[in-house]
Structure formats: C-alpha cells, structure tokens
Amino acid sequence: MDLMATQITPEMTVASVVDRWPDTARLFARYGLSCASCAIGKTETIGQAAAGHGAGRVKLDELISDLNRFAESGKLPEGLPPANAAPSLGAKGVPRGMAEQKGIKHVIAVMSGKGGVGKSLVAGLLAVGLKRRGFRVGVLDGDITGPSIPRMFGVKEKPMSPDQKNLLPPKSRGGIPIMSMNLILPSEEEAVIWRGPMVSGAIRQFFTDVLWGELDYLIVDLPPGTSDAPLTVMQALPVDGVVLVTTPQALATMVVTKAVKLVKQLGGDIIGVVENMAYVRTPDGKELEVFGPSQGLKLVIAANAPLMAKIPIDPEIAHDADNGDIESYTSSEFDDLVDNFLKRAPMKEPPKQN
Ligand SMILES: Nc1ncnc2c1ncn2[C@@H]1O[C@H](COP(=O)(O)OP(=O)(O)OP(=O)(O)O)[C@@H](O)[C@H]1O
Ligand SMILES: [Mg+2]
C-alpha cells in the first residue's frame, strides 16, 4: 500500500477512510466522531460528519491534517483513546462504547504474519490444552471468511438465541463454547464481501452479545496477514495478549517483523511465539527440517518474547484438525505449548472447577 500517494479529503466518506486505515477510528473518536467504525458513517463524508456531529464543534481542518499525517507516517498522535476504545455498533445501531464482557477474564489473540502457517490450529490447541487443565475457555473465530475453527472442533450447530437478543454458542464435544461467522452465514462466500467496519461490528457482537458464561480465557483466532483484517479484529476486542505463530520459512520473508510491529502499534503484548511445522520426525527418530533450519532464536529476538513451542509437521495433527477431532490430539510439544503459555499468560490463578 502506497501511503505517501494518499490524500484524505473532506469529500471522502468516513467509512472508506476507516476501512483502509482502521486506526483512524481512534482519531475520529477524538474529534467526537465516534460513529467512525459503525454503519452510521457509511455514506457520510468526513465534511458532513464534522458538520453534523460533535455539536458542530469539530475542527475539520485539524481533523483532515491529523488524518493525512497518520496516512503518511502511520503514527497516531499521543494521548488518543486506547486501540480497543473505538465504539461498537449496538444491536439497534447504537454506538455502545468499548466492547465489554464481565464474565471473560482474559482475551488472547492468536496471530500470524501470513496465512496457512497453522494459526487456527494453535488457537484450537491452546483452547483444548487449557480446557484439559481445568480452565474455562472459549474460542472466538475472528477470521470471518474461513471455516477452520468449527471444522477443527467438529461443530456444525447454529448458535441458539434463547431471548431473541443474545446468542448461545454451540459447544464442542469437550464442552468448549465456539462462535464463528461460519456457523451463522448460509454460505462461506457471503463473508468475503464484508468490509472492515462491518467485520468490526460483528466481531464485537460476538464478544458482547454471546452468552459465553464465565471464562478464564477467550481465545481469538485472528484473520491471516498484517493488513486491515487482523487489525480490525484486534481493535474490536480488549485483547490482553497475543500469541504469534509462524513457520521457519515465514521468518525469512520478514512477515514476523511486520506482525510484531503491528502488535506494538496497537499497544499489545506478545506473550510468546510458536514455531509451527518446524520439522518432520522420521520413522527412525530423526528430525528433518523440511522448511529450512529452525529460526527459533531469531524469532525470539524479533518478537522479544519467549518461544513457547516448536511443533513438528505431524500427519496426526492434520488428520485430527480436518476431521473435527482436535480434542483428542496429544503430543509432548503440545504440552510444552500449554505449559509455556501458562507461565507467561496474564493469569496465574489456580484452575477453576467446571
Ligand atoms: N504442525 C502441523 N502438522 C500437520 N499439519 C498441520 C500442522 N499445522 C497446521 N497443519 C495443517 O495445515 C493447514 C493450515 O493450518 P491452519 O488452518 O491452522 O493455518 P492458518 O494459519 O490458520 O491458515 P489461514 O491463514 O488460512 O487461516 C490445516 O489443514 C492444518 O490441519
Ligand atoms: Mg486460520
């Protein structure tokens, strides 16, 4: 994306600007235009929004120059509201303020610089491992275009709405509540046309309007990449920590550096990194590094966070993940992942009884 070539003008719609640079929602919010990330701003230009909201006190020139400064430098001015303070779209189109769920103690986002490295798998494994250790855990599929999470847990049921307002998430066989756009939309293709503000509103509702009950950890599977999609989700939810997943191959392409930068930009905390598909174990016990040598150390330096696990390419993982049977997977690397997560995770209370 060529940021330098961009000029934001008062004639552009609020939605188009927020869609392209989700962080500008925070700038708009500072100018009293807190509808920036919801559907209200969809057709309104920045000029119209400035005239019609914020009691007419919005200084359009300053707003435009702040927006352009951000588009050029990628830096937000100091003292803005936190990343997740952008307003949400309530059930009746009312901006609701920061997404909140008192029953959920910690939100953990699983992220990767690029697609297909096993992010959904790590999100699923973390949830399964934490559940096995007695923690109360749920999984929110933030990748609205992909079916990975429901498929991995073998969940096909639609969420129920006992009160016509909130949604009761279906549970996996092992009792993990799961929420995914894939369980709601009639076809997978429909999600593809969704735009940033709509995704952000939907994800926030997955958080606030879903009857998660009491959870120690809500694991969020973010969309792939370092573009607007994961950013939109990160901003919609009060994320406490990020787990970064990569492969030895991916490190070489700088995607990890980009992902680290993105998390930092959002003021997030990287709890740890996972090197997936690190090697294949041959029948005679050798470890074959098919994607090149392990980049564990470089990874730790790039992310300034510990390596939580090196997961091998394991046909059993692929089989279990593709057949809705992830909850029956066991391996020593999987145990490492959960042990190390708990060492650094934002909560160290003893496990709760379900
Ligand atoms: N360590 C592994 N061993 C074997 N198969 C694996 C391993 N990790 C992931 N897979 C398989 O690779 C595929 C991609 O994994 P996954 O869907 O978790 O990646 P992702 O990063 O979430 O992808 P996307 O970017 O599409 O969301 C899946 O079919 C999964 O079962
Ligand atoms: Mg995925």
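**Exercise 1. Work out how the shell around ligand 1 divides into nonpolar, polar and charged residues.**

Step 1: read off the tally. The shell holds 10 nonpolar, 6 polar and 4 charged residues.

Before going on, some housekeeping: this is a predicted model, where local features need pLDDT of at least 70, side-chain atom pairs count only at pLDDT 80 or more, and totals for chains, interfaces and linings use all residues. Residues are numbered from 1 along each chain as its sequence is written, chains are lettered from A and ligands numbered from 1 in the order in which they are written, and side-chain values use heavy atoms, with hydrogens and water left out.

**Exercise 2. Find which residues come nearest to ligand 1, and which elements supply its shell.**

Step 1: pick out the neighbours (a residue is near if one of its heavy atoms lies within 4 Å of the molecule). There are 20 residues around ligand 1, and G116, K119, S120, L121 and P312 come nearest.

Step 2: At least two shell residues each come from α5 (119-132), β6 (270-281), β8 (307-313) and α12 (315-322). Helix α12 gives the largest share, 4 residues.

**Exercise 3. List polar atom pairs between ligand 1 and the protein, then say how much of the ligand is buried.**

Step 1: look for polar contacts, meaning N or O pairs within 3.5 Å; within protein, one atom must be able to donate a hydrogen and the other to accept it, and sequence neighbours count only if both atoms are side-chain atoms.

Step 2: go through the pairs.
- L121 puts a backbone N or O atom 2.9 Å from a ligand 1 oxygen.
- N276 has a polar side-chain atom 2.9 Å from a nitrogen of ligand 1.
- P312 uses a polar backbone atom, 2.8 Å from a ligand 1 nitrogen.

Step 3: check the cover. On its own, ligand 1 exposes 630 Å², and the protein buries 78% of that (Shrake-Rupley areas, 1.4 Å probe).

**Exercise 4. Classify T208, Q164 and N304: buried or exposed?**

Step 1: set the cut-offs. Buried is under 20% relative accessible area, exposed over 50%, and partly exposed in between (1.4 Å probe, protein chains only).

Step 2: take T208, in helix α7 (residues 196-208). Its relative accessible area is 14%, so T208 is buried. The T208 side chain also makes a polar contact with the D209 side chain at 3.2 Å.

Step 3: now Q164, in the loop between α6 (148-153) and β3 (178-180). Q164 counts as exposed because its relative accessibility is 71%. Its phi is near 60°, a positive value in a residue other than glycine.

Step 4: finish with N304, in the loop between α11 (296-303) and β8. At 67% relative accessibility, N304 is exposed too. Phi of N304 is near 50°, also positive in a non-glycine residue.

How values were computed. Ala, Val, Leu, Ile, Met, Phe, Trp, Tyr, Cys and Pro count as nonpolar, Asp, Glu, Lys and Arg as charged, and the others, Gly among them, as polar.
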